[in-house]
Amino acid sequence: MILLEKKILDQMVADALDGYPLEACGLLGGSVDGQGTVRIDSCYPTFNVAASARLYEVDPSGLLRADRAAEEAGTELVGVYHSHTHTEGRPSPTDVIQAPDPEWHYVLVSLRDVHPSVRSWRIRDGKTKEEPVVLQW
Amino acid sequence: MPVDVRLPTILRAAAGGQATVEAEGATVGEVFDDLIRQHPGLRDQLLTTDGELHRHLNIYLNDDDIRYLGKLDAKVDVHDTVTLMPAVAGG
């Protein structure tokens with residue numbers, strides 16, 4: 001389960017719409033409590049150096065900046081978000097193969113339908129598992 | 001003098017759970033050699049079997065990507081920080 005501040009959801013959706021028709025991407029900062037629940041309280045949009053409607057690649061310098069910003073905020077990077085412009089918010093085979101960290105949370109913003117959808121996944125050992133997203137207002 | 005090497009979460013298990021470790025060397029390659037001496041489990045996650053950098057790993061010397069500083073030959077100095085980050089990509 002992830003706890004997601006409403007403003008972070010708004011930022012991810014806005015970034016996805018701004019990036020359309022290309023995929024948008026960015027990092028997520030937050031903290032994990034003793035029960036393993038992650039609270040996401042920061043969003044770091046990054047340049048998609050793949051500049052593609054089907055692929056994303058986080059700009060390495062943006063990744064470094066996000067990592068430092070999260071550390072300065074007393075948190076850490078806990079996941080990544082990206083958009084799917086024409087398909088549902090489910091990890092693609094490429095997402096699964098290239099998932100960089102089994103401890104991370106993988107948030108998908110789908111622009112397939114009229115209303116964008118936001119879903120979160122764990123990706124471990126080539127397997128995906130959706131997790132609840134609980135909005136914090 | 002050792003330099004600080006910051007590890008991403010995925011590499012920390014191979015380094016005793018530490019987020020930052022110290023390693024010695026005059027170049028990034030020598031720092032990696034020392035790092036691998038201390039934590040042999042990191043070897044295959046840092047370098048290919050040919051001793052080259054993995055494509056899926058980004059390595060920064062302070063603010064700069066070492067691909068633009070001579071890769072493993074990049075010179076390091078006291079107070080420098082080497083930061084390792086996974087490449088983040090998908091489809």
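Predicted model: local features only at pLDDT ≥ 70, side-chain atom pairs only at ≥ 80, totals over all residues.
Residues are numbered from 1 along each chain as its sequence is written, while chains are lettered from A in the order in which they are written. Local features need pLDDT of at least 70, side-chain atom pairs count only at pLDDT 80 or more, totals for chains, interfaces and linings use all residues, and side-chain values use heavy atoms, without hydrogens and water.

Let us start with chain A. Its open sheet has 8 strands in the order S8-S7-S6-S5-S2-S3-S1-S9, with mixed pairing. Strands here are DSSP runs of E with at least two residues, helices are runs of H or I with at least four, and both are numbered from the N terminus; two strands pair if DSSP finds at least two bridges between them. S8 (127–131) and S9 (133–136) of chain A each have a single partner strand, so each edge strand has one side without a neighbour in the sheet. From one strand to the next, the twist averages 35 degrees; axes are lines fitted to C-alpha atoms, for helices over the stretch in contact, and angles run from 0 to 180 degrees between N-to-C directions.

Within this sheet, S5(A) and S6(A) (residues 105–110) are parallel and share 6 bridges, and Ser83(A) faces Val109(A) in S6(A). S7(A) (residues 117–124) and S8(A) are antiparallel, with 5 bridges; there, Ser120(A) has Glu131(A) as its bridge partner. The hairpin formed by S7(A) and S8(A) has 2 residues between the strands, and Asp125(A) in the turn has a positive phi of about 50 degrees.

Two loops of chain A deserve a look too. Between H1 (6–19) and S2 (25–32) of chain A lies Pro21(A), and the peptide bond from Tyr20(A) to Pro21(A) is cis, with omega near 10 degrees. Ala51(A), in the loop between S3 (38–46) and S4 of chain A, has a positive phi of about 40 degrees although it is not a glycine.

Now turn to chain B, where 5 strands make an open sheet of mixed pairing in the order S2-S1-S5-S3-S4. Its edges are S2 (20–24) and S4 (64–65) of chain B, each with a single partner strand, so one side of each lacks a neighbour in the sheet. H2(A) packs on this sheet, touching S1 (2–6), S3, S4 and S5 (81–86) of chain B, at about 110 degrees to S5(B). H2 of chain B (residues 28–38) lies across S1, S2, S3 and S5 of chain B, at about 115 degrees to S2(B).

That brings us to the interface, where 26 residues of chain A are in contact with 18 residues of chain B (heavy atoms within 4.5 Å). The buried area is about 1700 Å², with 53% from carbon and sulfur atoms; this is the accessible area (1.4 Å probe) that the two parts lose on being put together, summed over both. Between the chains there are 4 salt bridges, each a side-chain nitrogen of Lys or Arg within 4 Å of a carboxyl oxygen of Asp or Glu. One of the salt bridges joins Glu76(A) to Arg12(B), at 3.7 Å from N to O. On the chain A side, H2(A) gives the largest share, 7 residues. Finally, S4(A) and S6(B) (residues 89–90) run antiparallel and are joined by 2 bridges, with Glu57(A) opposite Ala89(B).
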